[in-house]
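Please walk through the fold of this protein, with an eye on its sheet and its core.

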Amino acid sequence: MSHHLPNTRIPAPCIVNTGIIVNKIDIRRLLTDLGRVHYTYTQGKKLLSEGEGDVMEVFGDPQRSTLVVNNALYLNVDSFDYLELKQSPQKETYFDLVQEEMCLRLIPHSTPLQERRERQLSACAIEAMMDQVLAARWDAELDDDCSDSF
């Protein structure tokens, strides 16, 4: 006699501002949007390190380390058991990356939308500078061609 359970599907979690995330892909998606952060690194309640830095890279690789050096953070989601989203009294969300009793807390200085705007502005500024450099070079080449004819 075989018992068949109805084919039920459990919906994916919906997390709004607070909660625990264990899925490494979801953790990576959240961390990728971070730019400048304040970080604290604690063991239990003991503060081991803190500072400011930019999230440079977010990846998942069991052979590589998470590195926080020279104001740069290279975050390996495989270095942590889970990510806990919490909110400050001012209702700002921050991220606790937890591995056993170690916690790397990331407090963003801006929102993902602000970060995207800044990146877009930076890309536009670089493009405008390149246009100016190319135009100046073409002008110089034209000047050289004109001076050769005399």
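The report below goes from the overall fold to one strand and then to the core.

**Basis.** This is a predicted model: local features need pLDDT of at least 70, side-chain atom pairs count only at pLDDT 80 or more, and totals for chains, interfaces and linings use all residues. Residues are numbered from 1 along each chain as its sequence is written, and side-chain values use heavy atoms, with hydrogens and water left out.

**Overall fold.** The protein has two helices and eight strands. Helices (H or I, at least four residues) and strands (E, at least two) are DSSP runs, numbered from the N terminus. From that terminus on, the order is β-α-β-β-β-β-β-β-β-α. Buried residues make up 23% of the 150 residues. Buried means under 20% relative accessible area, with a 1.4 Å probe and protein chains only. Contact means heavy atoms within 4.5 Å. Among contacts between residues at least 6 apart in sequence, 45% join residues at least 24 apart.

Eight strands form an open sheet with mixed pairing, in the order 1-6-7-8-2-3-5-4. Two strands pair if DSSP finds at least two bridges between them. Strand 1 (19-21) and strand 4 stand at the edges with a single partner strand each, so one side of each has no neighbour in the sheet. On average, neighbouring strands are turned by 30 degrees against each other, direction ignored. The axes behind this angle are lines fitted to C-alpha atoms, for helices over the stretch in contact, and angles run from 0 to 180 degrees between N-to-C directions.

**Strand 5.** Four of the five residues of strand 5 (residues 72-76) are buried, so the rest of the structure largely encloses this strand. Strand 3 (residues 46-59) runs parallel to strand 5, and five bridges join them. Strand 4 (residues 67-69) runs antiparallel to strand 5, joined by three bridges. The table gives bridge partners in strand 5.

| Residue | Partner in strand 5 |
|---|---|
| D54 | A72 |
| V68 | L73 |

The hairpin of strand 4 and strand 5 has two residues between the strands, and N70 takes a positive phi near 50 degrees there.

A72 lies in strand 5. A72 counts as buried because its relative accessibility is 11%. Leaving out residues up to four places away in sequence, A72 touches D54, M56 and L67. A72 and M56 are 16 residues apart in sequence, yet 6.2 Å apart in space, C-alpha to C-alpha.

**The core.** A nonpolar core is a set of buried Ala, Val, Leu, Ile, Met, Phe, Trp, Tyr and Cys residues joined through side-chain atoms within 4.5 Å. The largest one has 18 residues, of which L31, L75, L83, L97 and L106 touch the most other members. Helix 1 (24-32), strand 2 (36-43), strand 3, strand 5, strand 6 (82-87), strand 7 (93-99) and strand 8 (102-108) each give two or more residues to this core. Beyond its neighbours within four places in sequence, L106 is in contact with L31, L34, V37, H38, Y39, L73, L75, Y94, F95 and L97.

**A charge over a ring.** The charged end of R64 sits over the ring of F59, 3.8 Å from its centre. The criterion is NZ of Lys or CZ of Arg within 6 Å of the ring centre and within 35 degrees of the ring normal.

Conventions: Buried < 20%, exposed > 50% of the residue type's maximum accessible area, 1.4 Å probe, protein only.
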